[in-house]
Amino acid sequence: MMNRFLLLLSIILVIGSCKKDDGTDPVIVPPRSMAEVAAEDDAEIRAYLETHFYNYEDFDTPPAGFDFKIIIDTIAGANADKTPLIDQVQTMVLEASSSDFGLDDGEEDVPHTFYYLDARTGVGEFPTVADSTFVRYNGMLLNGTLFDSAATNGVWWDLPGDFTPANPGLLNGVVSGMVNFRAGGNIVDNGDGTFSVEDFGAGLIIIPSGLGYFLNSRSGIPSYSPLIFEVNLLVQNQADHDRDGIPSILEDIDGDGNVKNDNTDEDFETLFIPNYVDIDDDQDGTLTRDEISDENGNIIIPYPDTDGDGTPDYLDRDNS
């Protein structure tokens, strides 16, 4: 559905679809400044939040059969007295760089504000940036156009992905938004091949284009589009992408919330393979799982540190 960071794309120029009447070459439009777009996106998002509200009264006093889906409408007419979203959302600031989108114009670590609404707090755990979640969702533009949806049956979202083109993970802004919601509680078998989750979380994530697709267009998503995700978070699972016995979130060695930039054995690899998808994290020829397990295959906690240097054996090529 969504690509995380779009690191595999190398789009240097956006080529306009229009040609001059004299049949000359297409008009070449250079990428826009990320800082400039970030400021415009934020102004557009705030204007939207100031003029729209959600069905908070249903969430405050749920009617019979309420499905805890967020419905957004304009503050006008009979709805003129509604509380605007701007008074109910919370904000976070993330940095994004033009190089994340294959550009080399030097705009690095540009701050971007995203907004989220916790409409219903679930009773389960918060997911981490490295976890897997089962969600129902709608993806929309600010004008209300729906560009993606799994609102009925739901879908698994692997937040960081597995570092492959087939599963690159979610957009940076969506991942950072998801960690602010709690999952649900009891999972109930409906007896017809489906299941229900009690007391799940529900919310909105509103991101600027720099935390989305930026200059890259997608089906139903024009370039430089802020995006809205209406989400029901049903289930959260702690992920271990490489099944080495260490939860993926614990392989974020530098603690920056990005498991994709931690690679202990980078100097010894032909290809860059982050720890969270690497079965031999120090490239010493002994699998990580074997370095943290006893003779019966049971994982040893804390992880063994044979030479006592503060670095566990599975990250230490010289642990004698």
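Reader: Which residues are exposed on the other side of α1?
Author: Ala39 and Ala43. Exposed is over 50% relative accessible area, buried under 20%, partly exposed in between (1.4 Å probe, protein chains only). Helices (H or I, at least four residues) and strands (E, at least two) are DSSP runs, numbered from the N terminus.

Reader: Experimental or predicted model?
Author: This is a predicted model, where local features need pLDDT of at least 70, side-chain atom pairs count only at pLDDT 80 or more, and totals for chains, interfaces and linings use all residues. Numbering runs from 1 along each chain as its sequence is written, and side-chain values use heavy atoms, with hydrogens and water left out.

Reader: Back to α1. Which of its residues are buried?
Author: Met34, Val37, Ala38, Asp41, Ile45, Tyr48 and Leu49. They sit on the same side of α1 because they cover an arc of only 100° around the axis. The arc is taken from the directions from the helix axis to the C-beta atoms.

Reader: What do they pack against?
Author: Strands β3 (52-54), β4 (72-74), β5, β6, β12 and β13. Contact means heavy atoms within 4.5 Å.

Reader: What caps the N-terminal end of α1?
Author: Serine 33 does, with a side-chain oxygen 3.4 Å from the backbone nitrogen of alanine 35.

Reader: New topic. How many residues in the largest nonpolar core?
Author: It has 36. Trp157, Val174, Met178, Ile207, Leu227 and Phe229 have the most contacts inside it. Such a core is a set of buried Ala, Val, Leu, Ile, Met, Phe, Trp, Tyr and Cys residues joined through side-chain atoms within 4.5 Å.

Reader: Which element gives the largest share of this core?
Author: β13, with four residues. A second, separate core has 27 residues, including Tyr48 and Phe134.

Reader: And arginine 120, buried or exposed?
Author: Arginine 120 lies in strand β6. It counts as buried, because its relative accessibility is 16%.

Reader: What does its side chain reach?
Author: The side chain of arginine 120 reaches the backbone oxygen of phenylalanine 200 at 3.1 Å. Leaving aside neighbours within four places in sequence, arginine 120 also has contacts that include Phe59, Phe68 and Asp199.

Reader: Last one. What about the whole chain?
Author: The protein chain has four helices and 13 strands. Of its 320 residues, 47% count as buried. Its C-alpha trace spans about 75 × 65 × 35 Å along its principal axes.

Notes. A polar contact is a pair of N or O atoms within 3.5 Å; within protein, one must be able to donate a hydrogen and the other to accept it, and residues adjacent in sequence count only if both atoms are side-chain atoms.
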